[in-house]
Amino acid sequence: MGFLGRLGTGIKKSVTGTANFIRTGVAELKKVRWPTRQELFSYTLVVLLTVTFVTLFFTVIDLGIVKLIEQIT
């Protein structure tokens, strides 16, 4: 089998593999239990509150370190 024959086989496997990957992905997405509007709102609120808390925490820590360094120098 020459170079072009092997190249054609490689391309065919690549296209078949890609199509199979997409087909499998669609099948998996059909199995997903999507959240209700209420659950989505609740999860979003938890994420926003957590991000706000972590941001404030690290802001306070950063300001404390800055004050400490200012007192040292």
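Two rings of Phe, Tyr or Trp (for Trp, its six-membered ring) count as a pair if their centres lie within 6.5 Å; planes under 30 degrees apart make the pair stacked, planes over 60 degrees apart make it edge-to-face, and the rest are tilted. Keep that in mind, as we will come back to rings below.

The model you are looking at is predicted, so local features need a pLDDT of at least 70 and side-chain atom pairs count only at pLDDT 80 or more, while totals for chains, interfaces and linings use all residues. Residues are numbered from 1 along each chain as its sequence is written, and side-chain values use heavy atoms, with hydrogens and water left out.

Let's start with the whole chain. The protein chain has two helices and zero strands; both kinds of element are DSSP runs, numbered from the N terminus, with helices (H or I) of at least four residues and strands (E) of at least two. Of its 73 residues, 0% are buried. Here buried means under 20% relative accessible area, exposed means over 50%, and partly exposed is in between, with a 1.4 Å probe and protein chains only. The chain's accessible surface is about 7,000 Å², and 73% of that belongs to carbon and sulfur atoms. Such areas come from the Shrake-Rupley method with a 1.4 Å probe; for residues, only the protein chains shown count as cover.

Now follow helix α2, which covers residues 37-72 and includes I61. UniProt, in an unreviewed entry, places a "transmembrane region" at residues 40-61; annotations of this kind may be inferred rather than shown by experiment. Over residues 40-61 the chain is 100% helix, and the end C-alpha atoms are 32 Å apart.

Time for the rings. The whole structure holds two aromatic pairs. In one of them, F53 and F57 are stacked, 6.5 Å centre to centre with 25° between the planes. These residues are four apart in helix α2, so about one helical turn separates them. The rings of F57 and F58 have centres 5.2 Å apart and planes at 80°, so this pair is edge-to-face. Together, ring pairs link F53, F57 and F58 into a cluster.

How open are these side chains? F53 is exposed at 58% relative accessible area and F58 is exposed at 52%, whereas F57 is partly exposed at 43%. I61 is partly exposed too, at 39%.

Finally, F53, V54, F57, F58, I61, I65 and I69 form a nonpolar surface patch with about 690 Å² of accessible area together. Patch residues have over 30% relative accessible area and no salt bridge, and nonpolar side chains (Val, Leu, Ile, Met, Phe, Trp, Tyr) are joined within 5 Å, like charges within 9 Å. A salt bridge is a side-chain nitrogen of Lys or Arg within 4 Å of a carboxyl oxygen of Asp or Glu.
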